[in-house]
Amino acid sequence: WPVMPRLSYFVACAFPLMVAVVCPALFGADAFVSAASTVRNVNAPVSVKCDSCRSMLERFTSGWEKVVSKQASQGRADAKDGPPTITYNQEIEDYLRGFCSSEEMKDFSPAIRNECEAVMEEHRRQVVATFLSVPEKIGSVGRKTKGAERFRKICGELAGVCDTNFTEMGKLSRCEACCRVVADAHFVLRRTHVGAAANDAYTAADLLEPLCSDAWKRYDDDPRKVDDVCEAIQDEHMDDLVKAVRQDDQPDTVAVCSNLGFCKKTQASRKSNAEQDEL
């Protein structure tokens, strides 16, 4: 071949292959993916039904620990080997029937509590069955929690109110982890009595204090990355995060994270163009 066609062939075919193989090896796959590809949608779907099921499940977990502990103290739970196991009885039935109007759910909006009632009315026994079939030790933290697995079973497979694929994305870039933090922050505020926009800055900051540790309860694909990025945001950009999520509609998470320095400006523009194409 003449020299120029050969060079053109190398640039068009061989060079991209070399970049795809060599660059991740030299600089790390996370950095390469973050710089080169469009950010994946790693956020939970925004809907009252999904918000309610997520909130119900998170609060039910803490309430369930109290129920199991009480049953164990009364000799009605077997805790000899592993997590306590209990038998469905009238006390558990009463707990389930009153859960959505209980202290555990009092901080949430009427819409969230009403949807909770709808799920519990139809699926309460299956909810308990899921907790019994996916047990964890009381007070579990870190990777030992079963929150994401229970969420997929209850809110996805059972109730069918959430697309749960966002919890199974594999390893995340720092940009994607930041997007999750921003989306979860808005979720925490919008489910309150007054909604996201009406929370004052001080109240919002208090509500978001456990945001980082809660990543371990919400995700089992890459919670450490979410936790680490969340800690960095809370340490350096908390005021900016609060300002970004104190609005009724969930903000453009990539744009917010671009402003915070976790996503590249080009990623924000690519996401914007993709959204326009869908309209």
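**Reading one residue, then its surroundings**

Mentor: Arg218 is found in helix α9; helices are DSSP runs of H or I with at least four residues, strands are E runs of at least two, and both are numbered from the N terminus. This is a predicted model, in which local features need pLDDT of at least 70 and side-chain atom pairs count only at pLDDT 80 or more, while totals for chains, interfaces and linings use all residues. Residues are numbered from 1 along each chain as its sequence is written, and side-chain values use heavy atoms, with hydrogens and water left out.

Trainee: Is Arg218 buried or exposed?
Mentor: Buried means under 20% relative accessible area, exposed over 50%, and partly exposed in between, with a 1.4 Å probe and protein chains only. Arg218 counts as buried because its relative accessibility is 6%.

Trainee: Which residues does Arg218 touch, not counting those up to four places away in sequence?
Mentor: A contact means heavy atoms within 4.5 Å. On that basis Arg218 touches Arg54, Glu58, Ala148, Thr167, Asp184, Phe187, Val188, Arg191 and Leu211.

Trainee: How much space lies in the largest pocket?
Mentor: Rolling a probe the size of a water molecule over the atoms shows where empty space is left. On a 1 Å grid over the protein atoms alone, a pocket is an open set of points where a 1.4 Å probe fits, with protein on both sides within 12 Å along at least five of seven lines; lining residues have an atom within 4 Å of a point. Points are joined across faces, edges and corners, and the volume is the space filled by probe spheres set on them. Here that is about 590 Å³. The lining has 27 residues, and the closest to the pocket centre are Glu58, Arg59, Asp214, Lys217 and Arg218.

Trainee: Which element gives the most to the lining of the largest pocket?
Mentor: That is α3, with 7 residues.
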